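Let's take a walk through a protein model together. Have the 3D view open and turn it as you read.

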Amino acid sequence: MPPDPERFVVTPYEVKGPIDYDRLREQFGTEPLTEALVARIGRLANGPVHPLIRRGIYFSHRDLGRLLDGVEKGTPFVLYSGRGPSGPLHTAHLMQFELCRWLQERFGSAMYIQITDDEKLWARGVSASETARWGVENLLDILALGFDRRTTHVFFDTRSIRALYPLAVEVAKRVNFSTVKAVFGFTPSTNVGLIFYTALQSVPCFFPSWESGTTIPCLIPCGIDQDPHFRITRDLAGPLGYPKPAILHSRMTIGLSGNQSVSTTGASTENAIFLDDAPAAVERKISHAFTGGRATVEEQRRLGAHPEVCSIWSMWRTGFAPDEAEFDAITRDCRSGALLCGECKGRLTERVTGFLADHARKREAVRPWAEELIVEEPPARPAVPGPGG
Ligand code: TRP
């Protein structure tokens, strides 16, 4: 039988097969992130658009135009993204948070980070003490990117539950099993925690509105695999009386083995560079990584290589060559055969080890105050009717 192009699966709990992103957008019913919208972001951000947007890593959205209409009229928005801790972060995990950091800086938005230590316990069977420990470690890595500590808030699910639960019950009340079953592909053996969990991932979208008794728009930068959660969230926004969150979707990052998703679940730790990798590990992983190179040096000099399928080029593209002129030169020289894979790998190794050393210092600098950002008390809310009256 010929390979079936539809044989890819993208859900929050499973990503597999060769992803056709146009088809995925159609399946999910999202909008393309057009050049006109990118230009509009640049105008409102008052400067060059972040490379992750400019280079098409973020490629899809929901309601971004409406959010920007609000910005034009002077309506501020909040940012929300999160991480389900189950182990150390790898470099691709930083992408969504790096974009948030830039948006926070450019638009002065408050940032809400959700650390879902409950989620991976239910989804992956990681122990409670492990998810809690990795939650703190991952949070340090996220904050080290340079979030503004005065306007950044952290929900650490098991520790923030007193703040989250009142809104979570209002959300859960409006979600039934047949919806989550259809959206996530749950079966009778799915853990009941996971069936409830989507309610908790919705809460931060509405929390600032609920807390203040007003309506505050929210933008969520995330991998497109997280979109199913927010489809449910968006359907509930109207009934709850809150704005639908806008969403910016990224592609999944290709792994060092050249596969379509960098997910290391059940895969080799060689597939990604972890933030706590020693320089020798970085060098080894990059030297073994899949490239778009030719079989021989002679052939590559003559024909050039294929950056599109290359895991090394993907790393330059998604974070390690933020300078556009440098990135263009790498791409051009790769295609022409002027740049050979060995040299390219050597340069990337140097760049990545430099980044990791710098990052390790920054995460130690945020450690003394990271805990202060974790919301543990329920907010004192204004005397207005709650959601649902
Ligand atoms: N479910 C996400 C994960 O598995 C974590 C998460 C929680 C999240 N809230 C989010 C991701 C909002 C993106 C946006 O890592």
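To talk about how two helices pack, we need axes: lines fitted to C-alpha atoms, for helices over the stretch in contact, with angles that run from 0 to 180 degrees between N-to-C directions. The helices (H or I, at least four residues) and strands (E, at least two) are DSSP runs, numbered from the N terminus. What you're looking at is a predicted model, where local features need pLDDT of at least 70 and side-chain atom pairs count only at pLDDT 80 or more, while totals for chains, interfaces and linings use all residues. Residues are numbered from 1 along each chain as its sequence is written, and side-chain values use heavy atoms, with hydrogens and water left out.

Let's begin with helix α12 (residues 279-288) and helix α16 (residues 341-370). Their axes come within 10 Å and cross at roughly 150 degrees. Angles under 35 degrees count as roughly parallel, over 145 as roughly antiparallel, 65 to 115 as roughly perpendicular and the rest as oblique. That's why α12 and α16 are called roughly antiparallel to each other. The crossing also has a hand, and here it is right-handed. A crossing is right-handed if the near helix is turned clockwise from the far one by less than a right angle, and left-handed if anticlockwise.

Which residues of α12 and α16 meet? On the α12 side they are Pro279, Val282, Glu283, Ile286, Ser287 and His288, and on the α16 side Lys345, Leu348, Thr349, Val352, Thr353 and Leu356. Sorted by type, the residues of this contact are six nonpolar, four polar and two charged. In that sorting, Ala, Val, Leu, Ile, Met, Phe, Trp, Tyr, Cys and Pro count as nonpolar, Asp, Glu, Lys and Arg as charged, and the others, Gly among them, as polar. Contact itself means heavy atoms within 4.5 Å.

A salt bridge is a side-chain nitrogen of Lys or Arg within 4 Å of a carboxyl oxygen of Asp or Glu. Side chains of opposite charge can pair when their charged atoms come close. Lys362 and Asp358 are four residues apart in helix α16, so about one helical turn separates them. Lys362 is partly exposed, with a relative accessible area of 40%, and Asp358 is partly exposed as well, at 28%. For these labels, buried means under 20% relative accessible area, exposed over 50%, and partly exposed in between (1.4 Å probe, protein chains only).

How many salt bridges does a search of the whole structure find? It turns up 33. One of the pairs is Glu98 and Arg101, whose side chains meet at 3.0 Å, N to O. These two are three residues apart in helix α5 (residues 94-107), so they too are separated by about one helical turn. Arg101 is buried, with a relative accessible area of 17%. Another pair is Asp333 and Arg332, at 3.6 Å, N to O. Here Asp333 is partly exposed, at 23%, whereas Arg332 is exposed, at 54%. Salt bridges can also join up: Glu137, Asp141, Arg363, Glu364 and Arg367 are linked in a network of them.

Now look at helix α4 (residues 64-72). Its buried residues are Leu64, Gly65, Leu67, Leu68, Gly70 and Val71. The cover over them includes α2 (35-45), β4 (58-62), α5, β8 (218-223) and β9 (246-250). After α4 comes Gly74, which has a positive phi, near 90 degrees.

Our last stop is helix α11 (residues 227-240), whose axis comes within 9 Å of the axis of α10, the two crossing at roughly 60 degrees. That angle is why α10 and α11 count as oblique to each other. The crossing is right-handed. Tyr197, Thr198, Gln201, Ser202, Cys205 and Phe206 of α10 meet His229, Phe230, Ile232, Thr233, Ala237 and Leu240 of α11. This contact divides into seven nonpolar, five polar and no charged residues. Zoom in on Ser202, found in helix α10 (residues 192-212). Is Ser202 buried or exposed? At 1% relative accessibility, Ser202 counts as buried. Leaving aside its neighbours within four places in sequence, Ser202 is in contact with Val171 and Thr233.
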